[in-house]
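Dear colleague,

I am handing over the structure below, and after it I describe what was found in it. Please read the description with the structure open beside you.

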Amino acid sequence: MARKGKCVDFEASFIRLIDKVTNGSRIEINQTGTTLYYQPGLLYGGSLEHDCSPSRGIGYYLESLLCLAPFMKHPLKIVLRGVTNDQVDPSVDVLKATALPLLKKFGIDGESLEIKINRRGMPPKGGGEILFACPVKKVLQPIQFTDPGKIKRIRGTAYSVRVSPQMANRMVESARSILNKFLPDIYIYTDHMKGVNSGKSPGFGLCLVAETINGTILSAELASNPQGQGAAVLPEELGQNCAKLLLEEVYRGGCVDSTNQSLALLLMTLGQQDVSKVLLGPLSPYTIEFLRHLRSFFQIMFKIETKTPEEEHKGGEKVLMTCVGIGFSNLSKTIR
């Protein structure tokens, strides 16, 4: 697999991470860093540590690990260090709240499936640390996930590091002022980390998660501008904007939120040779490109049916995605 284009520091760090979790990968980068030759090895797993580049969030690295972890030879247990929350990549909080329940739907569960935030790190210097652990699976279950259901509760985390702890409370108040108009069951935790656990840069942010009666989880998040970049953000504004983003995500709807669309489609593709269905909101540009990759790697085509708001009684246009899994099974899983 060859790639053209300039290789930057966070991509080099990503390549090193992939090298760590695999055994026998061959990676060649030319001297100018414009061509990458990659020959994949076996997914090995085990207990690992990796320092992520602070120019991207840990979410950038974790998203890919979530796709690979269930198919390792040994259960993966990895400590990632870097930026836990930024404005570009999905934060660790959102992936913990949305991606883990999604993996459970495909039968990837157990005591050892967890994402734990040991330290928070905000850009530009980072200093955060998380633990990601995932068990291995031989085969994935097909899913029929077509009815999102009504929203029953909203949970969230307002975090602040190296700023006044009052910032978190101010974000909670302003987010609740909007969300309380819609439902009463709202609980937003405040998470103020001190000392060594607060990383190297100041910042604050909010992560909101809406849960439905059928177990659909939709998320939204916002973080303050990194130190020394852009104008200062008021916590009240950030809380209100984040609440509006959550309402926007609820309007888009579907059974999987826009952050995890591609993960759901990948796990459906790799499932047993049975029909899987999932209802999604409007496809994000990333998901559309991802579908093209699925076609070129697995020769799999999804049946895509659009559902108008009238048929679904609510929100924006939905897309019903149907496919037959390729029957992938994890041959390297050690039998004990």
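Strand β11 (residues 151–161) runs parallel to strand β12 (residues 186–193), and the two are paired over 8 bridges, where pairing requires that DSSP finds at least two bridges between the strands. Within this pair, Ala158 stands opposite Thr190 in β12. Between the two strands the chain passes through helix α4 (residues 166–179), and this β-α-β crossover is right-handed, a term that applies if, with the strands pointing away from the viewer, the path from the first strand over the helix to the second runs clockwise. Helices (H or I, at least four residues) and strands (E, at least two) are DSSP runs, numbered from the N terminus.

Please keep in mind that this is a predicted model, in which local features need pLDDT of at least 70 and side-chain atom pairs count only at pLDDT 80 or more, while totals for chains, interfaces and linings use all residues. Residues are numbered from 1 along each chain as its sequence is written, and side-chain values use heavy atoms, with hydrogens and water left out.

Next come some points of backbone geometry. Most residues other than glycine have a negative phi, and most peptide bonds are trans. Arg162, in the loop between β11 and α4, has a positive phi near 55°, and this residue is partly exposed, with a relative accessible area of 48%. Gln299, in the loop between α7 (285–298) and β16 (303–307), also has a positive phi, near 50°, and at 62% relative accessibility it counts as exposed. Here buried means under 20% relative accessible area, exposed over 50%, and partly exposed in between (1.4 Å probe, protein chains only). The peptide bond from Pro123 to Pro124 is cis, with omega near 5°, and Pro124 is found in the loop between β8 (114–119) and β9 (128–134).

Which residues touch the most other members of the largest nonpolar core? They are Leu76, Leu80, Phe132, Leu265 and Val278, out of 57 residues in that core, a nonpolar core being a set of buried Ala, Val, Leu, Ile, Met, Phe, Trp, Tyr and Cys residues joined through side-chain atoms within 4.5 Å. Helix α2 (residues 58–68) gives the most to this core, with 7 residues. Apart from this core lies another, of 21 residues, among them Ala175, Ala220, Ala243 and Leu246.

With best wishes
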